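Welcome, and take a moment to look around before reading on. This short report walks through the spaces inside the model and a few points along its backbone.

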Amino acid sequence: MESISFASGSTYFNTPLVAANAAVQAIQQNRTFYGLAAGTDELRAAITHRYEHFNKIVISPENILVTPGTRQALYNVLHTILKPGDEVIIPAPNWFGLHEVLQQLQAKLIIVPTTAADDYALSPEVLQNYISPRTRLFLYSNPNNPTGRVYQLAEISSWLKVLNHYPEIYILADEIYDLVVYAGPITSLQELPDPGQKHIVVNGFSKAFAMSGWRVGYLITPPPLFAACLQFQKATFSGVSEFVQSAALEVLQHAPEILSGFNSVLRQNKDTMSQFFQQVQLPFTPPQATYYLFPDLTAYLRKTITSTQQLANYLKENFALEIMPGDYFGTPGYARLSFGLSPKNLEEGLNRLQKALPTLL
Ligand SMILES: Cc1ncc(COP(=O)(O)O)c(C=O)c1O
């Protein structure tokens, strides 16, 4: 039986052909040498226009560093601002990659649990309780991976009200899913006033534009931090390949058409998967963004299978079906299932799950 994966972080879409063509053309034009470490002027300007178009804000291209992926943007800026032992506050559930990168830097992760019962809200009072003299960073993903929760202006402002009392604490928003949305645009951290020059955003092309293998993302930092991040990139990597940047530029120039094509399939898939979980009566919070559902599977953890990790192994071995256990996101008992599959594979995967669930009781 062919394996079906609900566990992947990429969708089934191919990279848009316009991007592939732009890269081929750039290679044929010999754009294959060292370029500017910060990124090409064209791509940095296009990223500025993207924020004007989708968020109605102006970001100076001077503050944008093109990086080899969002993971690397995170590593760059975290390496630049953190010392071993510094504390980083992160609301959970959250993407395991954040933990991985912080481990590399020996920073101390301070997890703030949020719950489905509270719609994964984080109150400023709770945030305040987690701040210590060692806190150097508050880090959140918006939209959230794995819950698909979107934090809007009022909620982010309430956190900033607390954090603005601490000039030594930076605020970092990982906004990589910001264009995979079903309920209107998200609020970028860049939209909020930054009197202390502490707001940092990372983003990339892997998710919304189906370009995870191209390794291209970016970092937006206030000027004092920018120089240090640029120096880190120069010293460790040089710049992102220019033909890769040509592909990224091209998708930004066609963003509205590309996104409406991808997101309309994803919206239908979201409805299909949501209906399934409603029908089998497994609770989940409807995602406002991303291509993930994060259901509570504890009702099925009963007999010999008592954790979502064991459940994931069981589904893989017996039904050739892969899911991501919630343990990876700091929420045991839950699992992340991607609906970024072809509609045919989504249906087949849900059929297998339908067969598997009664065998667990
Ligand atoms: C929240 C989040 N940030 C960053 C990344 C990594 O992105 P990139 O492929 O640009 O390195 C992922 C990928 O899964 C993610 O889910």
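## The second largest cavity

On a 1 Å grid over the protein atoms alone, a cavity is a set of points where a 1.4 Å probe fits but cannot get out, and lining residues have an atom within 4 Å of a point. The second largest cavity holds about 40 Å³ of space; a volume here is the space filled by probe spheres set on the points, with grid points joined across faces, edges and corners.

Sorted by class, this lining has seven nonpolar, two polar and two charged residues. Ala, Val, Leu, Ile, Met, Phe, Trp, Tyr, Cys and Pro count as nonpolar, Asp, Glu, Lys and Arg as charged, and the others, Gly among them, as polar.

## How to read the model

This is a predicted model, in which local features need pLDDT of at least 70 and side-chain atom pairs count only at pLDDT 80 or more, while totals for chains, interfaces and linings use all residues. Residues are numbered from 1 along each chain as its sequence is written, and side-chain values use heavy atoms, with hydrogens and water left out.

## The largest cavity

By the cavity rule, there are two cavities of 30 Å³ or more. The largest cavity has a volume of about 50 Å³, and its lining is made up of Phe277, Leu282, Leu297, Leu311, Leu315, Ile323, Leu337, Leu353 and Leu357. Helix H10 (308-319) and helix H11 (343-359) are the elements that give two or more residues to this lining; helices (H or I, at least four residues) and strands (E, at least two) are DSSP runs, numbered from the N terminus.

## The pocket and its ligand

Now for an open space. A pocket is an open set of grid points with protein on both sides within 12 Å along at least five of seven lines. The largest pocket has a volume of about 340 Å³, and of the 22 residues that line it, Arg71, Trp95, Ile176, Tyr177 and Lys207 are the closest to its centre. Helix H3 (residues 70-81) gives the largest share of this lining, three residues. By class, the pocket lining has nine nonpolar, eight polar and five charged residues.

The ligand takes up the space of the largest pocket; a molecule sits in a pocket if more than half of its atoms lie within 2 Å of its grid points. Around the ligand are Gly69, Thr70, Arg71, Trp95, Asn145, Asp174, Ile176, Tyr177, Ser206, Lys207 and Arg215, where a residue is near a molecule if one of its heavy atoms lies within 4 Å of it. This shell has three nonpolar, four polar and four charged residues.

Which residues have an N or O atom facing an oxygen atom of the ligand within the polar contact limit (a pair of N or O atoms within 3.5 Å)? A backbone N or O atom of Thr70 lies 2.8 Å from a ligand oxygen atom, a side-chain N or O atom of Tyr177 lies 3.1 Å from one, and a polar side-chain atom of Lys207 lies 2.7 Å from one. Taken alone the ligand exposes 400 Å², and the protein buries 93% of that; accessible areas come from the Shrake-Rupley method with a 1.4 Å probe.

## Backbone points to look for

Most peptide bonds are trans. A cis peptide bond joins Ala92 and Pro93, with omega about 5°, and Pro93 lies in the loop between strand S3 (87-92) and helix H4 (96-104).

Terms used: Polar contact = N/O pair within 3.5 Å; in protein donor to acceptor, adjacent residues only side chain to side chain.
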